[in-house]
Amino acid sequence: MPGTERIHPDPQPAHLQATVYADGLQGKAPAFPYAYKSWEKLAHAALPKTSWGYVHGSAGEGATDDANKAAFSRYGLVPRRLVRVEMPDLKTRLFGETFDYPIALAPSARRALDIPPRQRARRRARRRRARHHLHHVHRRLHLHRGRRIRLRDRTGVEIGLSDPVFCAQWAADHGGKQPGEPGQLAASSPAWARTVFPGASHAWEDLAFLREHWKGPIVLKGIQTVADARRAVEAGMDGIVVSNHGGRQVDGSVPSLDCLAPIVKAVGGKLEVLFDSGVRSGADVCKALALGAKVRFLLPSSLFPFFLFSAF
């Protein structure tokens, strides 16, 4: 399947399942466990403490994260029997591009930092010969105080110390040195944090400025009410992400899954509705899609397999 990145050379999940079953009859266990509840423990053992704290952390007491996961348990899949089904086409069309699966990696500021440096070369080499099924599907945009705008006009995500605008400004102010170079991190990291979190919030009026300066699709993340979803439509947004950021920002927030269906009903025909927060398994992905999400994003706490595969 061109454009599909998977670890296994055969893109058919059913064939992979048959291979795992056949190997099991011979006493061969998969190199990577399929019991997803074990991934968190393995990641805890494999990741540096600072990376684990970032990936696993939640706001406050973690109530929102718990609520996100509990929301999925309130829904059950109801199977229909003796329905003839061939291997379904899971391709998804989004913003003019076609993706093989309705699953994507959410932007994460520190994904690269979760891999020890000496293991990154192995990861890059492995990526050249292996394939993963997850994709970055949207651009990342930052609007800062003074309405400076940072855009990445390509599929993928570059932020923080890899942000080209920030890097260029840092080099101009520091004799050509890059913010990620040895000796620069102690100053560049808090400088980036002050840029992203200047102590001033944004408002709906700022979206007009973004629309004026960015002709590509704009996806507004963090929507949890029908009222805000409708405002996003009025502001000319191309999509929204129904999300509470995986419980990483506000403790005690309503679970995102409970917000999804009403929002899809209200605005689903007017813009693309994407989703994240709380997904831990393929069954959870199915539930989010069944409730109307076009694409399901995986947040840092859902990416333990990615970190583990990259670290080994």
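Does F275 count as buried or exposed, and at what relative accessibility? At 0% relative accessibility, F275 counts as buried (buried is under 20% relative accessible area, exposed over 50% and partly exposed in between, with a 1.4 Å probe and protein chains only). The model is predicted, so local features need pLDDT of at least 70 and side-chain atom pairs count only at pLDDT 80 or more, whereas totals for chains, interfaces and linings use all residues. Residues are numbered from 1 along each chain as its sequence is written, and side-chain values use heavy atoms, with hydrogens and water left out.**View 1. The ring pair F72 and F275.** A search of the whole structure finds three aromatic pairs (Phe, Tyr and Trp rings, the last by its six-membered ring, pair if their centres lie within 6.5 Å; planes under 30 degrees apart are stacked, over 60 edge-to-face and the rest tilted). The ring centres of F72 and F275 are 6.2 Å apart and the planes stand at 70°, so this pair is edge-to-face. Because F72 belongs to helix α4 (residues 63-73) and F275 to strand β8 (residues 272-275), the pair ties together parts 203 residues apart in sequence (helices, H or I with at least four residues, and strands, E with at least two, are DSSP runs numbered from the N terminus). F72 is buried, at 2% relative accessibility.

**View 2. The aromatic cluster.** F166, W170 and W192 form one aromatic cluster.

**View 3. Positions annotated in UniProt.** An unreviewed UniProt entry lists Y54, H245 and R248 under "binding site" (positions follow the numbering used here, feature names are shortened, and annotations may be inferred rather than shown by experiment). These residues spread over 195 residues of sequence but cluster in space, with a largest C-alpha distance of 13.3 Å. Y54 is in helix α3 (residues 49-56) and is partly exposed, at 27%. H245 sits in the loop between β7 (239-242) and α10 (256-267); H245 is partly exposed, at 28%.

**View 4. Salt bridges around D65.** The structure holds seven salt bridges (a side-chain nitrogen of Lys or Arg within 4 Å of a carboxyl oxygen of Asp or Glu). One of them joins R280 and D65 at 3.3 Å, N to O. R280 lies in the loop between β8 and α11 (282-290) and D65 in helix α4, so the pair ties together parts 215 residues apart in sequence. D65 is buried, at 11% relative accessibility. D65, K69 and R280 are linked in a salt-bridge network.

**View 5. The salt bridge of R74 and D258.** The closest N and O atoms of R74 and D258 are 2.6 Å apart. R74 is in the loop between α4 and β1 (92-94) and D258 in helix α10, 184 residues apart. D258 is partly exposed, at 32% relative accessibility.

**View 6. The salt bridge of K221 and D276.** The side chains of K221 and D276 meet at 3.3 Å, N to O. K221 is partly exposed, at 33%, whereas D276 is buried, at 0%.
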